[in-house]
Amino acid sequence: MKLLLHMCCGPCAVYPVSVLQEEGVEFEGMFYNPNIHPKEEFDRRMENVKKLSEIKGFNVTYFDDFKQQFWENFTGPEELRCRMCYDIRLDKAAAFARENGFDAFTTTLLVSPYQKHDLLKELGEKAAARYGIEFYYRDFRPGFREGQNQARELGLYRQKFCGCIVSFRQTPVKKQKASPANNK
Ligand code: SF4
């Protein structure tokens, strides 16, 4: 199986990447997260995905789309905002996987206990059906702490908020600027 791994950030990718490499799964990464605000945060997360890919030795395709207005202008409830946010990213991953000869796709968002796991699974499967490709569902959450600890040891930046401008504003100012030692 040739797998496309959608990557939301470096720290969340540590555990899924370790597991896939241990199991000998052929995979490549993809960074597509137009939700992340502000631009400095977007750049920092992308840089840390690059850092991880260099340390672990795997390829990543990067998309530098940055569309915070979508999230800023969205006035609906959180559930719908996150649904849109997941759907945009999973749809892009499914399309990219289909166009580029992958057998399946998945996402590092599945490692985080802070994400809406069941919604990710539902939307991943729907995106897979739209493009005629497999969604490789896996509950990576048992490895979340291990991955975060490894991320700290590797010196990766560990952000304190989910990503969009709404989650940024909901986070106390002193926590927004996380250091490598901070937790998500
Ligand atoms: S809270 Fe996270 S998942 Fe929800 S819209 Fe914001 S960035 Fe996306």
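This is a predicted model: local features need pLDDT of at least 70, side-chain atom pairs count only at pLDDT 80 or more; totals for chains, interfaces and linings use all residues.
As for sulfur bridges, a search of the whole structure turns up zero disulfides. Cys 9 is in none, and the nearest cysteine sulfur belongs to Cys 12, 3.7 Å away.

His 6 sits in strand β1, which covers residues 2-6. With a relative accessibility of 0%, His 6 is buried as well. Leaving aside residues up to four places away in sequence, His 6 touches Met 30, Tyr 32, Asn 33, Arg 89, Ala 93, Thr 106, Thr 107, Thr 108 and Leu 109. Of these, Tyr 32 also puts its backbone oxygen 3.0 Å from a polar atom of the His 6 side chain. Arg 89 is 83 residues from His 6 in sequence, yet the two C-alpha atoms are 8.2 Å apart in space.

Then there is the helix pair. Helix α1 (residues 10-22) and helix α6 (residues 144-154) have axes that come within 8 Å and cross at roughly 115 degrees. Angles of 65 to 115 degrees count as roughly perpendicular, so that is how α1 runs relative to α6. The crossing is right-handed. On the α1 side, the residues involved are Pro 11, Cys 12, Val 14, Tyr 15 and Ser 18, and they meet Glu 146, Gly 147, Gln 148, Gln 150 and Ala 151 of α6.

Methods
Residues are numbered from 1 along each chain as its sequence is written. Side-chain values use heavy atoms; hydrogens and water are left out. A disulfide is a pair of cysteine sulfur atoms within 2.5 Å. Helices (H or I, at least four residues) and strands (E, at least two) are DSSP runs, numbered from the N terminus. Buried means under 20% relative accessible area, exposed over 50%, partly exposed in between (1.4 Å probe, protein chains only). Contact means heavy atoms within 4.5 Å. A polar contact is a pair of N or O atoms within 3.5 Å; within protein, one must be able to donate a hydrogen and the other to accept it, and residues adjacent in sequence count only if both atoms are side-chain atoms. Axes are lines fitted to C-alpha atoms, for helices over the stretch in contact, and angles run from 0 to 180 degrees between N-to-C directions. Angles under 35 degrees count as roughly parallel, over 145 as roughly antiparallel, 65 to 115 as roughly perpendicular and the rest as oblique. A crossing is left-handed if the near helix is turned anticlockwise from the far one by less than a right angle, and right-handed if clockwise.
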